[in-house]
Amino acid sequence: MAGSSRQRMAVNFSEEALYVYNSSRHLQLQAKKGWVIFELTGPRHTVIARISVNIKQSTALSPVRAPFGSFEIYSRVSNAKLLKFVQFVEAGLAQKKIKQLVIKSWPVLYQPKQAIQLYNVLVDKLQFKVSEEVCSIIPVDKSGLNVRMKISERQKARKAEKMFSFSMCKPTEFKTIYDFILSCRHERQQTLSLSWKEMRKTISTLPKQFIFFKLATATDIAAAAIVIRVSDSIWYTFYYAHAATYNKVSPVVHLLECIYKYAANEKIKLIDLGTSMVHDKVNKSLLHFKESVGAVTGSKFTFSKMYD
């Protein structure tokens, strides 16, 4: 396969990214400057693979502030070709006096074959160090989520179904939903990674990528979720929570069941429930909950390398 590699600054590039976090608009949310794009091209200058790297002083990051960045692999590429491309990236960064490269990659279950290939190149061939996070993903098919749930969670979902109504929220409700989720976190002595100001800016920049859902009674909200369209086939439950008042019913279980059904109608293949890590350790109770509602446990790798 013929091909070549190229490096360029990330300024107003129009190519569509595979994942929203690598799109030009999201990159600009992460950092206003410092981006460099490395691309592997094939016949007729089609892009086979790409990575967006942000350079600040002597460190290169992919991403700066997002669940992941890393290499996007768009079509089949040999291990040898991918190895040469990564070496091209390293050479380009060496010219910029980079001392450290950190690459947070997508969950393995997003693209299993490409994830294994990338791991082999970075770790086995190029001696990158690797750290692992545990993440939970629900495969979506024609059967309902309740089929995947443990009996105890299924029973909670049936109770919640009788108590609450499910709906997708209008933009005028977004602030209310955010505040509700924040209050739920505060009930558990937790917080959110984004302030409302940051959240609002992100939504205004990428309005088609966000969906807000809720379960409610006639008078109050019981559970809510903010979902990101990561790609055409993957949703990510960015934030979700239920009010402590309803702990016995655990309405977020039925909320996830409803979101699953909605996603299936939109031909979504995966619902990412995120990592189950707290301070670099697995939160066993959180992981158990996600597995109980039907999620599959997988890995998410971060690769790093120091340079002289």
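A residue counts as buried when its relative accessible area is under 20%, as exposed when over 50%, and as partly exposed in between, using a 1.4 Å probe and protein chains only. With that in hand, β12 (residues 270-275) is mostly covered, with five of its six residues buried. This is a predicted model, in which local features need pLDDT of at least 70 and side-chain atom pairs count only at pLDDT 80 or more, while totals for chains, interfaces and linings use all residues. Residues are numbered from 1 along each chain as its sequence is written, and side-chain values use heavy atoms, with hydrogens and water left out. Helices (H or I, at least four residues) and strands (E, at least two) are DSSP runs, numbered from the N terminus.

- Strands are taken to pair if DSSP finds at least two bridges between them.
- Strand β11 (residues 234-242) has nine of its nine residues buried, so the rest of the structure largely encloses it.
- Strand β10 (residues 221-229) runs antiparallel to β11, and seven bridges join the two.
- Four residues form the hairpin link from β10 to β11, and A225 stands opposite Y240 in β11.
- β11 also runs parallel to β12, joined by three bridges, with L270 of β12 as the bridge partner of I234.
- Strand β7 (residues 129-139) is antiparallel to β12, with four bridges between them; here P139 stands opposite L270.

**Helices α2 and α3**

- Helix α2 (residues 79-95) packs against helix α3 (residues 112-125) at an angle of about 60°, with the axes 10 Å apart.
- Those axes are lines fitted to C-alpha atoms, for helices over the stretch in contact, and angles run from 0 to 180 degrees between N-to-C directions.
- α2 and α3 are therefore oblique to each other, given that angles under 35 degrees count as roughly parallel, over 145 as roughly antiparallel, 65 to 115 as roughly perpendicular and the rest as oblique.
- On the α2 side, the contact (heavy atoms within 4.5 Å) is made by N79, L82, L83 and V86, and on the α3 side by Q117, L118, V121, L122 and K125.
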